[in-house]
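This briefing is meant to be read beside the sequence and the structure of a protein chain.

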Amino acid sequence: MHSFTFFTAVAILLSFCSAELANTQGVANYSPGGPVINFINTSPTETHVYKVEGNADNPPTAYGAGQGALPAATVLPGQTVKFHLGQGFIGAFSAKNGEGSRFEVNFRGDSPGEYKTWYNSDMQFGMSDTTLAPAHGDKQINGNDAVAGEQDCLAKANSAWTSLDVGTQQELLDTGYLEGTTGQDGVLTGVHMDKQAGDKVVDFFQNIAEFNAYVHSGSVAGKPTSNTAAAADAFSWSVKTKELDITGY
């Protein structure tokens, strides 16, 4: 039987610290309680990679201040990475290294007398099974649920598919952005999105299937440009916390 020695304790501590450092990214000199994104990879087999972008006017305290495109955030299977963003960060994180759902965050808290973190999910340029939400189950400031994005895009689309008539179903399949069969027993087997998708595709995801994300550019200068855009404008959310979770499934 081996005795527990001082050297064994040191080895365990060093191993723990190394694991913690490997799971921590972003700014080195972060403040306690400062902006954090927890990247959570629930997949047992897939590595998730997120394209990282920062606003050009981010202050020196923020991650990658003024650099625009930044090194990608890589999250191994089953891993959680704590990403410290630094004070004043505004930017975006896009799943599938820029080809999946895009999450925009604003940690500048521009509401006088009450801190707010603003965020949204954007599927105009890509779609993936990924969500953004405040950590620890917090709600939006208005009390509504706070999960942006979709855990299962295909399941969400299928939940609305049979509400359509066969003609409309076929029109959507003909676009190539949806795959599957028509009719009351029809089933979708695939969905995707990019900026070339037409109004019919956008309308289905945004207004009929009611995805918790922008599926359109929204509005110009704050004024809705269409009914679809007006619906998209509803997805700019705010919470009091500075800690958010991006979860990939």
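In this predicted model, F39 touches Y50, A73, V75, Q79, T80, V81, F83, F93 and I246, when residues up to four places away in sequence are left out of the count. F39 also belongs to the largest nonpolar core, where F39, together with I37, F93, V105, Y119 and L132, is among the residues that touch the most other members.

**Nonpolar cores**

- The largest nonpolar core holds 29 residues, and the elements that give two or more residues to this core are β2 (36–41), β3, β4 (69–75), β5 (80–84), β7, β15 (237–239) and β16 (243–248).
- Among these contributors, β4 gives the most to the core, with three residues.
- Apart from this core lies another one, made up of 23 residues, which include L164, L172, F211 and V215.
- As general background, nonpolar side chains tend to be buried together in soluble globular proteins.

**The chain as a whole**

- The protein chain has six helices and 16 strands, and 43% of its 249 residues count as buried.
- Of the contacts in the protein chain with a separation of 6 or more, 64% are accounted for by residues 24 or more positions apart.
- The chain exposes about 12,700 Å², and carbon and sulfur atoms supply 53% of that area.

**The largest pocket**

- The largest pocket, with a volume of about 290 Å³, is lined by 16 residues, and those that lie nearest its centre are K96, S128, D129, T130 and Y249.
- At least two residues of this lining come from each of β3 (48–54), α2 (95–98) and α3 (153–161), and β3 gives the most, with three residues.
- Divided by class, the lining of the largest pocket has eight nonpolar, five polar and three charged residues.

**The second largest pocket**

- The second largest pocket contains about 170 Å³ of space, and of the 15 residues that line this pocket, I90, G91, E104, V105 and N120 are the closest to its centre.
- Two or more residues of the lining of the second largest pocket come from each of β3, β6 (90–94), β7 (102–106) and β8 (117–122), with β7 supplying the largest share, four residues.
- The lining of the second largest pocket comprises six nonpolar, six polar and three charged residues.
- V105, one of the residues closest to the centre of the second largest pocket, is also listed among the members of the largest nonpolar core that touch the most other members.

- The C-alpha atoms of E171 and K200 are separated by 8.4 Å, although the two residues are 29 residues apart along the chain.
- Within helix α5 (residues 199–208), the residues V201, V202, F204, F205 and Q206 are buried.
- After α5 comes E210, whose phi is positive, with a value near 55°.

Notes: Residues numbered from 1 in each chain as written. Predicted model: local features only at pLDDT ≥ 70, side-chain atom pairs only at ≥ 80, totals over all residues. Heavy atoms only, no water. Buried < 20%, exposed > 50% of the residue type's maximum accessible area, 1.4 Å probe, protein only. Contact = heavy atoms within 4.5 Å. Areas by Shrake-Rupley, 256 points an atom, 1.4 Å probe, with all protein chains shown as cover. 1 Å grid on protein atoms, 1.4 Å probe; cavity = no way out; pocket = protein on both sides within 12 Å on 5 of 7 lines; lining within 4 Å. Points joined across faces, edges and corners; volume = space filled by probe spheres on them. Nonpolar A, V, L, I, M, F, W, Y, C, P; charged D, E, K, R; others polar. Core = buried A, V, L, I, M, F, W, Y, C linked by side-chain atoms within 4.5 Å.
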